[in-house]
Amino acid sequence: MSNFENLRKRAKLYKRWHQNRYHPVAAEIRRWLPRYSGLNDRQILDCAFKLADAQELVAAKEGFESWTALKQGLTLMNTPQQSKASTPAFIDAQPQLFVRDIGSSCDFYIGKLGFELAFTYGEPAFYAQVFRGAARLNLRSVDMPFLHPDFRLHEEDALSATITLDDAKALFLEYARAEVPLHQGLRIEPWGAQTFIVRDLDGNLIAFAS
């Protein structure tokens, strides 16, 4: 299969993801297609997204201004790399947190930590995703303890997720005003990072670092 055929299949995959309302594809659309930059995930997934749009997305990721330019560029290129299999590109990482109640957890992350709701799933809901900026957390409800009762006695600083940002101190002050429960206050780590740790309703520890 030629490289161009791989790219055509990738465009069809993006279109299918959008049609199936697969939320991570919205971040890709927003990043690579400027006309979507001011929309949130739900607005992007509500928009019409044709195969030509998906092809434009693929072209932008490959460094071309249009699908036509990509086809012309591939025709002109004659390097050994054309015969190599494409290397998968890592798009995102989304920690999954286990919680007892989806509604209460969403209220905490939205009301206290300033996240927004991307979606909930199930009736009643047992899965949800919240986001703030590029950071995304997946919440999964469970009916039983997901950690041994003595775990925190031995691993009191075990993190469920780490979120990096440009100014940890500013966020720390925001959370302090909101009386967010902290596991660790703001401090400078030996390697130079500025960090603090939040404890959610279920004991998950979320580190914020800059």
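**Aromatic pairs**

The predicted model holds 11 aromatic pairs, where rings of Phe, Tyr and Trp (its six-membered ring) pair if their centres lie within 6.5 Å, with planes under 30 degrees apart counted as stacked, over 60 as edge-to-face and the rest as tilted. One of them joins Phe108 and Tyr109 edge-to-face, with 5.4 Å centre to centre and 90° between the planes. Both residues are listed below with their relative accessible areas; buried means under 20%, exposed over 50%, partly exposed in between (1.4 Å probe, protein chains only).

| Residue | Relative accessible area | Class |
|---|---|---|
| Phe108 | 6% | buried |
| Tyr109 | 1% | buried |

Ring pairs also link Phe172, Tyr175, Phe196 and Phe208 into a cluster.

Residues are numbered from 1 along each chain as its sequence is written, and side-chain values use heavy atoms, with hydrogens and water left out.

**The chain as a whole**

The protein chain has eight helices and eight strands; helices (H or I, at least four residues) and strands (E, at least two) are DSSP runs, numbered from the N terminus. Its radius of gyration is 21 Å, well over the 17 Å that the globule rule gives for 210 residues, so the chain is more spread out than a compact globule. The radius is taken over C-alpha atoms, and the rule is 2.2 Å times the number of residues to the power 0.38. Along the principal axes, the C-alpha atoms fill a box of roughly 60 × 45 × 35 Å. Buried residues make up 35% of the 210 residues.

**The annotated span**

UniProt, in an unreviewed entry, places "domain: Glyoxalase/fosfomycin resistance/dioxygenase" at residues 96–208; such annotations may be inferred rather than shown by experiment. This span is 21% helix and 42% strand, and its end C-alpha atoms lie 16 Å apart.

**Around Val142**

Where does Val142 sit? It lies in the loop between strand E4 (135–141) and helix H7 (151–154). Leaving aside residues up to four places away in sequence, Val142 touches Phe98, Val99 and Arg100, contact meaning heavy atoms within 4.5 Å. Asp101 is 41 residues from Val142 in sequence, yet 8.0 Å away in space, C-alpha to C-alpha.

How values were computed: This is a predicted model: local features need pLDDT of at least 70, side-chain atom pairs count only at pLDDT 80 or more; totals for chains, interfaces and linings use all residues.
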